[in-house]
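Subject: Structure handover

Hello,

Here is the structure I promised to pass on. Please open it alongside this note; my findings follow below.

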Amino acid sequence: MNNNKRKHIAALCLFAAACLCILASCAENTSKDCFICGNSRTKKFTTSNGTARYYCKSCYSKCAFCGEKAKSSYTNLLDFHIFVCSKHKQL
Ligand SMILES: [Zn+2]
Ligand SMILES: [Zn+2]
């Protein structure tokens with residue numbers, strides 16, 4: 001009886017830990033506002049200086065110069081990302 005109870009508590013602890021993990025990973029994706037427009041539901045990007053920045057999908061998927069689909073990004077002098085299409089990658 002006592003042994004069974006202990007198993008039950010262990011299972012509960014595992015369950016709680018799993019829930020905490022899920023909550024933590026959710027929070028990391030949504031708790032920060034977009035650096036450019038302030039939208040939520042952002043993705044984390046790290047600049048070449050190692051600064052973490054968060055951008056929403058509409059910002060990180062659009063070229064800053066022409067509005068085409070962004071293929072890559074680079075860090076500018078102000079230490080944030082510029083998202084660019086393949087055509088504007090060289091600028
Ligand atoms: Zn945005
Ligand atoms: Zn472009």
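In which sense do strand S3 and S4 pair, and over how many bridges? Strand S3 (residues 72-75) and S4 run antiparallel, with four bridges. Two strands count as paired if DSSP finds at least two bridges between them. Helices (H or I, at least four residues) and strands (E, at least two) are DSSP runs, numbered from the N terminus.

Before you read on, some ground rules. This is a predicted model, in which local features need pLDDT of at least 70 and side-chain atom pairs count only at pLDDT 80 or more, while totals for chains, interfaces and linings use all residues. Residues are numbered from 1 along each chain as its sequence is written, and chains are lettered from A and ligands numbered from 1 in the order in which they are written.

The overall layout

The protein has two helices and four strands. Along the sequence the order is α-β-β-α-β-β. Of the 91 residues, 10% are buried. A residue is buried with 20 or more other C-beta atoms within 10 Å of its own, exposed with 12 or fewer, and partly exposed in between; C-beta atoms are placed from the backbone.

The two hairpins

Strand S1 (residues 42-46) and strand S2 (residues 52-56) are antiparallel and joined by five bridges. Thr46 has Ala52 in S2 as its bridge partner. Five residues separate S1 and S2 in their hairpin, and Gly50 in the turn has a positive phi of about 90°.

S3 and S4 also form a hairpin, with five residues between the strands. Here Ser73 is bridged to Phe83 in S4. Asp79 lies in the loop between S3 and S4. Its phi is positive, about 65°, although Asp79 is not a glycine. Asp79 is exposed because 12 other C-beta atoms lie within 10 Å.

Another positive phi

Arg41 is not a glycine either, yet has a positive phi of about 60°. Arg41 sits in the loop between helix H1 (2-30) and S1. Arg41 has 13 C-beta neighbours inside 10 Å, so it counts as partly exposed.

His88 is in the segment after strand S4 (81-84). His88 counts as partly exposed because it has 17 C-beta neighbours inside 10 Å. Leaving out residues up to four places away in sequence, His88 touches Cys63, Phe65 and Cys66. Contact means C-beta atoms, placed from the backbone, within 7 Å. From His88 to Ala64 is 24 residues in sequence and 8.8 Å in space, C-alpha to C-alpha.

Best wishes

Definitions and conventions: Contact = placed C-beta atoms within 7 Å.
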